[in-house]
Amino acid sequence: MTSTTDFDNAEITQQYSHINTRFDLCDEELDNDNSSARLFERSRIKALADEREAVQKKTFTKWVNSILSRVGCRISDLYLDLRDGRMLIKLLEVLSGERLPKPTKGRMRIHCLENVDKALQFLKEQRVHLENMGSHDIVDGNHRLILGLIWTIILRFQIQDIIVETGQADQKETRSAKDALLLWCQMKTAGYPNVNITNFTTSWKDGMAFNALIHKHRPDLVEYNNLKRSNPTHNLQNAFNVAEQKLGVTKLLDPEDVFTENPDEKSIITYVVAFYHYFSKMKQLAVEGKRVGKVLDHAIETEKMIDKYETLASDLLTWIEQTIIVLNNRKLANSLTGVQQQLQAFNTYRTVEKPPKFQEKGNLEVLLFTIQSRMRANNQRVYTPKEGALVADINRAWERLERAEHERERVLRDELIRQEKLEQMARRFDRKAAMRETWLLENQRLVSQDNFGYDLPAVEAAKKKHDAIETDIAAYEERVQALVDISKELESERYHDSKRIDVRKDAILRLWDYLQELLKARGGRLEKNLTLQRIFQEMLYIISWMDDMKARLLSPDFGKHLLEVEDLLQKHALLENDIALQAERVQSASAAALKFANGDTYKPCDPQVIRDRVQHLDLVLPGALRPGGSAKSSLGAVPSFLVLPVGGDGAGELD
């Protein structure tokens with residue numbers, strides 16, 4: 001099967017062979033053709049051939065220079081500058097991207113033949129068929145074969161790789177080489193008015209096709225709607241200038257090379273191929289640009305993800321550390337309400353503030369996994385967070401947070417229990433304090449009353465009652481002390497309202513002390529009343545005794561005989577002694593009683609009553625003394641009347 005390149009080479013050989021054969025006719029044939037028409041045709045064909053060759057030479061020279069410009073070289077004459085083979089080798093190296101054998105130094109023909117042969121050998125290795133072409137043809141400057149060689153190179157390295165697929169996805173048709181290039185031109189210019197590309201000759205004469213190609217890819221460079229088909233020179237000049245100045249496509253043709261009756265197909269193909277490669281490269285660059293852009297976007301996105309990870313990790317670690325500090329703060333509220341509020345705030349932290357942070361921690365792990373997966377997929381060095389921001393570091397910090405949280409909850413629970421106990425103790429204190437206050441006030445009222453009575457039995461009964469009250473109050477001291485102990489415990493436990501408790505405790509102690517004072521004072525008063533009543537009782541005893549003595553002293557019985565009288569006198573002397581002693585008792589009782597009447601302190605009785613009783617006692621004593629003196633006188637006078645018996649055994653009797 002003949003390849004596309006082989007077919008095109010055969011076409012080139014046949015064409016150039018046909019052209020040169022016509023000019024190589026022997027003189028005998030010319031002599032035989034004497035008709036003027038034939039002469040005119042021959043001259044016209046020769047002129048066209050010369051014109052075509054000139055256009056091809058100009059086009060190919062510019063094309064070769066456009067390629068060699070990549071390595072800083074150029075040629076002036078296509079026929080002359082390729083003869084030594086050096087530029088030919090450079091041209092093939094640039095087009096193929098491969099390294100050819102180093103050119104042989106020297107300017108001799110043998111050196112030139114050797115260099116050209118190296119180039120031709122490389123083309124053969126590239127499966128380029130060179131029929132009837134040898135190195136000597138190039139060295140000798142054979143125009144036809146040199147043009148054919150350049151065209152062959154253009155076909156191989158510029159056109160052969162053009163492939164355009166047409167048809168549906170399941171029925172694709174592949175075209176190559178010149179047909180593919182023609183199809184590409186048709187596809188790109190489809191829909192443009194005044195453009196109908198069917199060949200590479202006349203379809204390009206008016207310049208509309210060139211402008212359409214440019215406008216299709218760069219609509220900003222050509223105002224296609226302002227172009228007119230009737231002005232082909234302007235159209236061609238515009239397209240060629242824009243291509244050279246804006247796109248960098250070498251101007252291989254001039255308007256007059258295209259706007260002619262029979263434009264050279266190979267020249268136009270060469271120029272159009274330059275457009276194709278530029279726009280294909282532009283598309284490839286765009287695709288690569290998109291790919292690079294995508295890679296860059298991917299890298300930028302990855303970088304943003306890394307920044308996001310570092311920011312979120314830093315923020316999360318900062319939040320964890322700050323939260324740990326708060327959780328480790330042991331400055332708790334010193335009240336049940338305050339601790340309850342702190343516990344509520346802790347529960348709010350646990351149910352509202354912490355869950356989103358836990359979600360952030362999980363998102364960070366996912367984000368880091370995503371970053372590392374993307375970088376591995378792009379064969380990038382896998383990102384590793386800096387020390388302290390690793391997932392392991394975050395997990396360790398989270399564990400410390402969990403421990404601090406657990407300890408905080410335990411402390412708050414313990415403090416809540418303690419505060420509840422303190423509140424219960426405070427309520428118990430208040431309850432007991434109210435009872436103590438009521439009891440103390442009632443007993444103060446009780447001991448403030450002096451209803452002792454007005455005689456000794458009543459006062460003695462009051463004394464017994466007072467002693468019972470005193471015993472009861474003494475026993476109550478334990479309850480007061482228990483209240484003091486509760487107050488001290490609340491104070492030692494730093495109860496928030498301990499000042500109020502202490503104030504109330506002090507008030508109760510003052511009530512207690514005041515009750516003690518009242519009790520003591522009442523006891524004193526009661527003792528005075530009891531003493532006074534006992535003095536009054538003594539007075540009554542004295543008065544009663546005096547009355548009894550008085551009755552005995554006033555008795556008229558002085559005895560019937562002397563012995564009885566003497567006995568009565570002795571008894572009377574004893575009574576006088578007793579009365580004298582009673583006088584001392586009277587004085588003592590009166591003095592003791594008058595102390596209660598004359599003193600400036602508490603008076604258990606009306607002083608006048610005391611004075612009256614003392615006065616009455618003082619009056620009783622003289623009354624008792626007078627009968628005693630009279631009785632004694634009477635007894636002293638008895639012996640003068642007594643008659644002793646005369647003889648006899650018995651005692652004498654009175655008359």
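Guide: Buried means under 20% relative accessible area, and exposed means over 50%. Partly exposed lies in between. This is a predicted model.

Visitor: Why does C112 count as buried?

Guide: C112 has a relative accessibility of 10%. The cut-off is under 20%. Therefore C112 counts as buried.

Visitor: And what makes C185 buried?

Guide: C185 has a relative accessible area of 0%. That is under 20%, so C185 is buried.

Visitor: Now the nonpolar cores. Which residues have the most contacts inside the largest one?

Guide: W63, I153, W204, F210 and I214. This core has 83 residues. Helix 8, residues 143–159, gives the most to it, with 11 residues.

Visitor: What makes such a set a core?

Guide: Its members are buried nonpolar residues, joined through side-chain atoms within 4.5 Å. In soluble globular proteins, nonpolar side chains tend to be buried together.

Visitor: Which residues does F210 touch?

Guide: Leaving out residues up to four places away in sequence, F210 touches W204, L236, A239, F240, V258, I268, Y271, V272 and F275. There is also a second, separate core of 32 residues, which includes I306, L316, L317 and L364.

Visitor: Back to helix 8, where H143 lies. Is H143 buried, exposed or partly exposed?

Guide: H143 has a relative accessible area of 37%. That falls between 20% and 50%, so H143 is partly exposed.

Visitor: What does the side chain of H143 make with the side chain of E53?

Guide: A polar contact, at 3.2 Å. The cut-off is 3.5 Å, so the pair qualifies. H143 and E53 are 90 residues apart in sequence, yet 8.5 Å apart in space, C-alpha to C-alpha. H143 touches Y79 as well as E53, not counting residues up to four places away in sequence.

Visitor: How many salt bridges does the whole structure hold?

Guide: The search finds 35. Side chains of opposite charge can pair when their charged atoms come close.

Visitor: Why is the pair D393 and R396 called a salt bridge?

Guide: The closest N and O atoms of D393 and R396 are 2.2 Å apart. The limit is 4 Å, so the pair counts. Both residues lie in helix 15, residues 391–447, three residues apart, about one helical turn. D393 is buried at 11%, whereas R396 is partly exposed at 46%.

Visitor: How do you know that R410 and D414 meet in a salt bridge?

Guide: Their N-to-O distance is 3.0 Å. That is within 4 Å, so the pair passes. R410 and D414 also lie in helix 15, four residues apart, about one turn of the helix. R410 is partly exposed at 38%, and D414 is partly exposed at 38%.

Visitor: What makes K505 buried and D502 partly exposed?

Guide: K505 has 12%, under the 20% cut-off, so K505 is buried. D502 has 24%, between 20% and 50%, so D502 is partly exposed. Their side chains meet in a salt bridge, 3.0 Å from N to O. K505 and D502 are three residues apart in helix 17, residues 498–553.

Visitor: Which residues are linked in a network of salt bridges?

Guide: R350, K354, E402, E405, E409 and R413.

Notes:
Residues are numbered from 1 along each chain as its sequence is written. This is a predicted model: local features need pLDDT of at least 70, side-chain atom pairs count only at pLDDT 80 or more; totals for chains, interfaces and linings use all residues. Side-chain values use heavy atoms; hydrogens and water are left out. Buried means under 20% relative accessible area, exposed over 50%, partly exposed in between (1.4 Å probe, protein chains only). Helices (H or I, at least four residues) and strands (E, at least two) are DSSP runs, numbered from the N terminus. Contact means heavy atoms within 4.5 Å. A polar contact is a pair of N or O atoms within 3.5 Å; within protein, one must be able to donate a hydrogen and the other to accept it, and residues adjacent in sequence count only if both atoms are side-chain atoms.
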